[in-house]
Amino acid sequence: MTKITRRAFAASSAAAAAVAGFGFKPALAQAYPARPVTVIVPWGAGGGTDATARIVAALLEKDLGQPFNVVNRTGGSGVVGHSAIATAQPDGYTIGMLTVEISMMHWQGLTELAPKSYTPLALMNEDPPGIQVPSTSPYKTVKELADAIKAAPVGKFKASGTGQGGIWHLALVGWMQALGLPANQVAWVPSNGAAPAMQDLAAGGLDLTTCSVPEARAIIEAGKARSLAIMAPKRNPSFPDVPTLKESMGIDYATGAWRGIAGPKGLPADVATKLTASLKKVYDSKEFKDFMSNRGFGTVWGDATEFAGFMDKGDAQMGEAMKAAGLSKA
Amino acid sequence: MRLPDQVTGLFLVGLGAAAAYGGWLLPPVPGQPVGPNIFPLVIGSGLALCGIAITFGIGHTFEEEEEIIPLEGGQVRPPTGKLYGLRALLPPALLLFYVVAADRLGFIITAGLIVYATSTALGARWKLSLPLAVLAPMGIHLIFSKLLRVPLPAGLLSMPW
Amino acid sequence: MLKTLIEAFALISTWEVIIAMLAASVYGLVIGSLPGLSATMATALLVPVTFYLSPIAAIATIVAASTMAIFSGDIPGALLRIPGTPASAAYADEAYAMTRKGEAELALGAGVWFSAIGGIAGTLSLMILAPPLAEIALSFSTFEYFWLAFLGLMCATLVARSSPVKAIAGMFIGLLVSCVGIENPGGVPRFTFGITDLFGGIEPIPALVGVFAVAQVMRAMLTPEPPPIPKRKFGSIMAGQWKLTKKYHWQMTRGNIIGVIIGVLPGAGADMAAWVSYAMSKRFSKEPEKFGTGHVEGLVEAGASNNASIASGWVPSLLFGIPGDTIAAIAIGVLYMKGLNPGPTLFTEKASSMYAIYLMFIIANIIMIPLGIIMIRLASHVLRAPRSSIMPVIMLCCAVGSFAIGNNMFGVVTVAAFGIIGYVMEANGYPVAAMVLGIVMGTMIEQSFVTSLIKSDGSVLPFFERPISAILAAMAIGALIWPVLVWLWQRLKAASPATSPR
């Protein structure tokens, strides 16, 4: 019901704007968006980022009345798509979904692109890393695991979850640092993503994984692994039994893989404000919340300024972890 | 393009050596006993060994007498001219033309030119190649751009759908 | 059980599901049969469409389209020697040789018939054996995967009809191609030459399209129009298949079993199943000398295995959310999007939806037979159309298909480059199919080898210690030295003239 009134309101205000602007060139007078908007996703169809972008785009379309077309621009391990967002015309008709990689790749010298290459619009999601062990593992709590890691020689424990220098690797490095241990106390076994790492964990090839809990969910439900903790300020409502690091160890370390919407640098202020306002409506909608919680994805809101600050903070944190792991080229 | 085995064999030796050297130059990864360098080293050495074997004709006896792909047609010998062999480069050249021109000219025009050029090069008269150059791009555009929402560049000539 | 089955039937017998399934089938058949367009691309382009469908209809489109597209990838392989998937690259030469003999319909008929049987066998195994199969999948660690990939690579020499040395060289070139990118154990740019687009590496599909489709157009530029292929009458397509089923029932069963086993192992998938089965068929055949000359035996086994692995590949996807291949990865995304989260609860709490998926697999494989026959009849007209009208369309499909998969022009550049590479390799007797196998298996073999060494702190012992690993190692080493033993044996026999067979 509210939706209808909102739409009706949007339509009538658009009509009012059209009447008010009578006499000017119609294209200029028309309120943004006057034509379809392209939403660039730097990752392939069917993945988590793609799914999040598609639900956001569908809800934006509903709110703003113009098609929001999702385009997957893959290649270059995310660099190609991120650069397509940064180099698009800053007219509001090309926006995109940024992922945590944008605050990581420039430290490795892979690209010049950094969070400051964009006009941030809204932060929509953050997934904290979890700490998973095989169900046959003797460690029942994260404290026991941490003590065993501390007592073991360097590199005795093997962990995985993503490639070398990937987000979950840096999460592990950050956790080790928070424990006061060297970055390589636990050896990192690079894998082609979270799914193969979880499989290898179940096959008995690894001691722990640090991927996010939703990524580990299927294997956990199959009784092949369990999650000991998440590196987040508070528990995930979808997994209420998994404690945070702070609760179980008193360590105040939190990080995560996030997704947000941004445009190219220099987006007109009115367009940016309008998009952020609409994204807020999307974020608050039941459809978005239901979709995200069904997938176990965490929802975090940040408006344009908050998102910018969030990215800056994360960027510095990533840089530190990269340097500790000896991966930074900067 | 049929080169003597010595030439291709030596090329593989060079390629393998370059790959192994390139792999060897890669920095080791902190905290890993083996890194990204080992695989190119193994592959490069293997490739170089194969190259040596090919250069010396090992395994040549296994090769079939006939061409691996039977020459299309068989009896008719293709005309041999100096530049005739370069015709083979037309398809990749047209694809690169697509990469360069599609954004500016748009899909329909670029694709039309590619179809016309390929068709003519294969000996079609204009009665066949011209309608093909108009209809094939439109058909492909309809399927991909309209039904599957692939963002094909519009360029100078956009389609009514 | 019966109640769930009835519920499942109710779920799929809505107009939306039926129409979605039929439309997706036709779509999969058409896209798969166009040279230059692949099954992966067909599935990826469906994702936006599934967004607007109900959960069951969404899965139905993915199931139907991927099943059809994998089969119809055989069609351009047989008719034009342009395989549509890395899987059909294993036997494209064989099928094309049959076409040259005027037996295109028989070759493609075998493709559709044994694919359908394989698909149904795979689905039945998914229904009945999912838990034990899942145990197999979860017992494979990187040590086992290394040997598996090693065995897969060894098939390169068996399928090619050229010098084995050149086949191995071709495979090494493919492995070298797979080195490109930053998705390596170090996460550092390797052989990217400062080109951002190369960071993600070179995908098997554009390389496959280049070395087969573009290279074929390049060859056409230099050769005169071939004489029309002799058309032979041989009645109904299916009658021929029944005879083949009786003659090659053992090969078919073996193909099904191999396909199911390889399919449940994530990362191996249909591509490897087809290669291994074709190679096994040749190795154990009574008439191996006929392979490569247009002999249907290998097609039977590889076709049966290929589609069986697609169905069983859903086991790790549905149970653990671990994708078997790129298509399964997309399918998992759609499952999540529709609230059918993979995991064991899917089998208990949403059992009727699970059974609906099983049923859709079986239905897709059954309707594939009539639709496939229609498609074969239609497609075989290509053989009588002038080359100058077919090749330009292939060129367009290559350009659009390689662009559409990532909406990235670099895909088109890759295809063009691999056209040249494929053309030069073919002309000099290096089998390009071996290179494709190298590209497909490259990441898996490197990843499993390096991560295994990291886990064992540099020791090679675990490669032989773990039980399954030891068995696979024995198989690999046995397969490696077997030809040498045979060769020595023949030398010895030839040395003593009394026992000489000549």
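Modeller: Let's start with a working idea: a contact means heavy atoms within 4.5 Å. Keep in mind that this is a predicted model.

Colleague: Is M154(C) buried or exposed?

Modeller: The cut-off for buried is under 20% relative accessible area. M154(C) has 18%, so M154(C) is buried.

Colleague: How far apart are M154(C) and M272(C), in sequence and in space?

Modeller: They are 118 residues apart along the chain, and their C-alpha atoms are 11 Å apart in space.

Colleague: What about the nonpolar cores? Which residues have the most contacts inside the largest one?

Modeller: Think of a core as buried nonpolar residues joined through their side chains. The largest here has 304 residues, and those with the most contacts inside it are W175(A), L208(A), F144(B), W314(C) and M360(C). Helix 19 of chain C, residues 351-379, gives the most to this core: 15 residues. Take W314(C) as an example: among the residues it touches, beyond those up to four places away in sequence, are I59(C), V63(C), L335(C) and F361(C). There's also a second, separate core of six residues, including A39(C) and I327(C).

Colleague: Now chain B. How many helices and strands does chain B have?

Modeller: Chain B has five helices and zero strands. Of its 161 residues, 42% are buried. Chain B exposes about 9100 Å², with carbon and sulfur atoms supplying 70% of that.

Colleague: And how do I read an interface?

Modeller: The size of an interface is often given as the accessible area lost when the parts come together. Between chain C and chain A, about 3700 Å² is buried, and carbon and sulfur atoms give 57% of it. On the chain C side, L138(C), Y336(C) and K455(C) lose the most area to chain A, together 15% of what that side buries. The contact takes 51 residues from chain C and 44 residues from chain A.

Colleague: How many salt bridges are there between chain C and chain A?

Modeller: The count is three. You can look up E135(C) and K224(A), whose side chains meet in a salt bridge at 3.1 Å, N to O. Helix 8 (104-139) and helix 22 (432-455) of chain C are among the elements that give two or more residues to the side touching chain A.

Note on methods: Residues are numbered from 1 along each chain as its sequence is written. Chains are lettered from A and ligands numbered from 1 in the order in which they are written. This is a predicted model: local features need pLDDT of at least 70, side-chain atom pairs count only at pLDDT 80 or more; totals for chains, interfaces and linings use all residues. Side-chain values use heavy atoms; hydrogens and water are left out. A nonpolar core is a set of buried Ala, Val, Leu, Ile, Met, Phe, Trp, Tyr and Cys residues joined through side-chain atoms within 4.5 Å. Buried means under 20% relative accessible area, exposed over 50%, partly exposed in between (1.4 Å probe, protein chains only). Helices (H or I, at least four residues) and strands (E, at least two) are DSSP runs, numbered from the N terminus. Accessible areas come from the Shrake-Rupley method with a 1.4 Å probe; for residues, only the protein chains shown count as cover. Buried area is the accessible area (1.4 Å probe) that two parts lose on being put together, summed over both. A salt bridge is a side-chain nitrogen of Lys or Arg within 4 Å of a carboxyl oxygen of Asp or Glu.
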